[in-house]
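Student: I would like to learn how to read a structure of this kind. Please take me through it feature by feature.

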Amino acid sequence: MMRNTTKSLLTVVSVLLPLVLAQSAAGATLTVCRTCALTSVKQTVQQAQPGDTVLVNGGVYQESRIEINKPLTLMGKNNPVIDGNFTGQLIGVTADNVTIQGFTLKNVATSYTRDDAAIRVFERINIKILDNTILKTYFAIYLQNSDRIVIKGNKVIGENKGKNESSLGNAIHLYYTDNVEISGNNVQGHRDGIYLEVVKNSQVHHNTSHQNMRYGMHFMFSDGNTYTYNTFRNNGAGVAVMYTTHVRMVHNTFEDNWGAASYGLLLRDISNSVIRHNTFRRNTTAIHMEGSSQLDIKNNDFERNGWAVKLMTTCREDTFRLNNFTGNSFDVSTNGTIQENHFEQNYWDKYTGYDLNKDQQGDVPYRPLSLFSMLVERVPPAVMFMRSFMVNLLDNLEKVLPSITPEQLVDGQPLMKKINHDNDRKFVQVLR
Amino acid sequence: MGKIIKYVLYDIVKSKIIIAYTLFLLLLSIGLFNLGGSPDKGLLSLLNLVLLTVPLISIVFATTHFYNSYEFIELLVAQPIDRRKIFLSEYLGVAFALSAAFLVGVGIPVLLFGASLTGVYLVLTGVFITFIFVAMAFLASVITRDKAKGIGIALMLWFYFALIYDGIVLFILYTFGDYPLEHATLAMTALNPVDLGRILVLLNLDVSALMGYTGALYKSILGSLWGISLAFGLLVVWVLAPLLWAKRIFSRKDL
């Protein structure tokens, strides 16, 4: 056994070692610093050969319009700063196999015609953008028509004070780009934190997106993507996902998205997707669903939201199972009487039924839709009468004799106890 | 005037009903805070209690008290004392006694279990509601000499403000749902002290739901310092209007 292991290890090393050597032999390393022979990042990049590494030492480099047109590794050491002084785009990538790592990039002005970004990639394959800090830019990371991309560990801080949506760009903006890994980024102060349009087969995980003017994350026509362990907090309108199928959203946290037109998660024309183990906390509306079908919404926590679920009548065959609904002002609200969605085995803190046979499921069905929530949906100002005695009376009457609320919208087996399903909660908290 | 208030207070304490009221509130508040789990939940349950029972007890107690002390009032009127003084002393005596009962019965538990700005609003609302419904009780009492009729009017007033009013407004909102009703709703809530008090507390509790598109408007109006002062100002008007009206009737009335 032991010998076998040693042998296989040797094989691995003997295969890998030449590869590693070849890699290092292929490229020279050019060092840029204030006192070196090379003092300009732009010129050094121009001089470099394909496969070289350009190592930039700490210091401030007042440059812009750096064009990487050959496979390069652009590496920052001791946090070099590239300050564009609002003179245009900072780094444009026009070659495959490029890595940009460890820089602070700052000051790109709003440019409506060119969409200037700190890092812009156009029609390229295998690009890595790692551990950069990007400050005060229009767009921060902008990719289009590219493939096999890694965007990891970047921190993006924009200035959105006194600006409106149209004069702000997105922090991470992807357009027609597939096979992307976006992870461990912290983005704030832009229009959308993460914007994906026609991005397929990608992973978005462990990101934090907060205080953005519009959406924490916004994606459209992006099928087959996975979103895990992200936190979306305090964004103008939460997270919006549209016109997409086969999405997995697991272990994300949506919190503190509240305001006049705010929600934790807006689902619009989403189908065949999985939404599990997410936490929705203190949002005006936790999930707003429109035209969405065949969603599997399971094991989520809805805590202290204004509306936990706004389910429009255009939604079909969505299943809500084993979710916790606690401390929400309204659990479910809808705009019509036809309902083709299923609620089963959720925990509702407003449930007042009993469990005679002790199977942990209430014997009386729970109707999460109150008469008052329907009234508020129809006449928003009626929200002022929340918790009025008259309203409670009407709600209770409706519970006994449902007449206006949809007959089908009912949880037949409401749980008696809150489900303790989030074993990974600690993990998420540590990351935050 | 101080002397009459003292006599009124003494009379009320002697009747022991006020002590029972205090104990009732105290027991309910402590119970609700301990059952509710979180202080927020306790405050919410307490809010419903304050908005329902406090007006009822205030109005019934004050009306019966007024009729029961009719002879005492007649005796005082025979003395060279200004009628307005007699009336205000009676009013303040009853209002102080009920407010003190409320402060002990609800204020102390809130201070102990749910001390927060919301708690302060709740207690303030309760005190205002006590003053308002005692004033309404006095109005009901001076309108008619018949005790049964007076209590009937008082109960109708309570029924109207605590229950029917909300139903009427909801009906109006439902019927005219196609029109922009934001400001109309705000005006209609100002016409009922119970609603006004409820909204003051709710703006602090259920902020997320109220922050929907219309909620944002209310929050911006009522959530600001200006709005809160306006709401409390309206509550003061609600105390003064029935009180001054009743005083006017009382000072002209042939007893």
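The dialogue below goes through chain A, its strands, a helix pair and the interface.

Tutor: This is a predicted model, in which local features need pLDDT of at least 70, side-chain atom pairs count only at pLDDT 80 or more, and totals for chains, interfaces and linings use all residues. Residues are numbered from 1 along each chain as its sequence is written, while chains are lettered from A and ligands numbered from 1 in the order in which they are written.

Student: How many helices and strands does chain A have?

Tutor: Helices (H or I, at least four residues) and strands (E, at least two) are DSSP runs, numbered from the N terminus. Chain A has five helices and 38 strands. Its C-alpha atoms fill a box of roughly 85 × 65 × 30 Å along the principal axes.

Student: What percentage of chain A is buried?

Tutor: A residue is buried if 20 or more other C-beta atoms, placed from the backbone, lie within 10 Å of its own, exposed if 12 or fewer, and partly exposed in between. Of the 432 residues in chain A, 46% are buried.

Student: Which strands pair with β8(A)?

Tutor: Two strands pair if DSSP finds at least two bridges between them. Strand β8 (residues 98-101) of chain A is joined in the parallel sense to β5(A), residues 73-76, over three bridges. Four bridges, again parallel, join β8(A) to β11(A), residues 125-130. Gln101(A) is the bridge partner of Met75(A), and Val98(A) stands opposite Ile127(A). The covered face of β8(A) holds Val98(A) and Ile100(A), and the uncovered face holds Thr99(A) and Gln101(A).

Student: How do α5(B) and α6(B) pack?

Tutor: Axes are lines fitted to C-alpha atoms, for helices over the stretch in contact, and angles run from 0 to 180 degrees between N-to-C directions. Helix α5(B), residues 83-113, and helix α6(B), residues 117-143, pack at about 155°, with axes 9 Å apart. Angles under 35 degrees count as roughly parallel, over 145 as roughly antiparallel, 65 to 115 as roughly perpendicular and the rest as oblique. The two helices are therefore roughly antiparallel. Residues making this contact include Leu98(B) and Phe102(B) of α5(B), and Val127(B) and Phe131(B) of α6(B).

Student: How many residues of chain A are in contact with chain B?

Tutor: Two residues are in contact if their C-beta atoms, placed from the backbone, lie within 7 Å. Here 28 residues of chain A are in contact with 32 residues of chain B. On the chain A side, α4(A) gives the most, with three residues.
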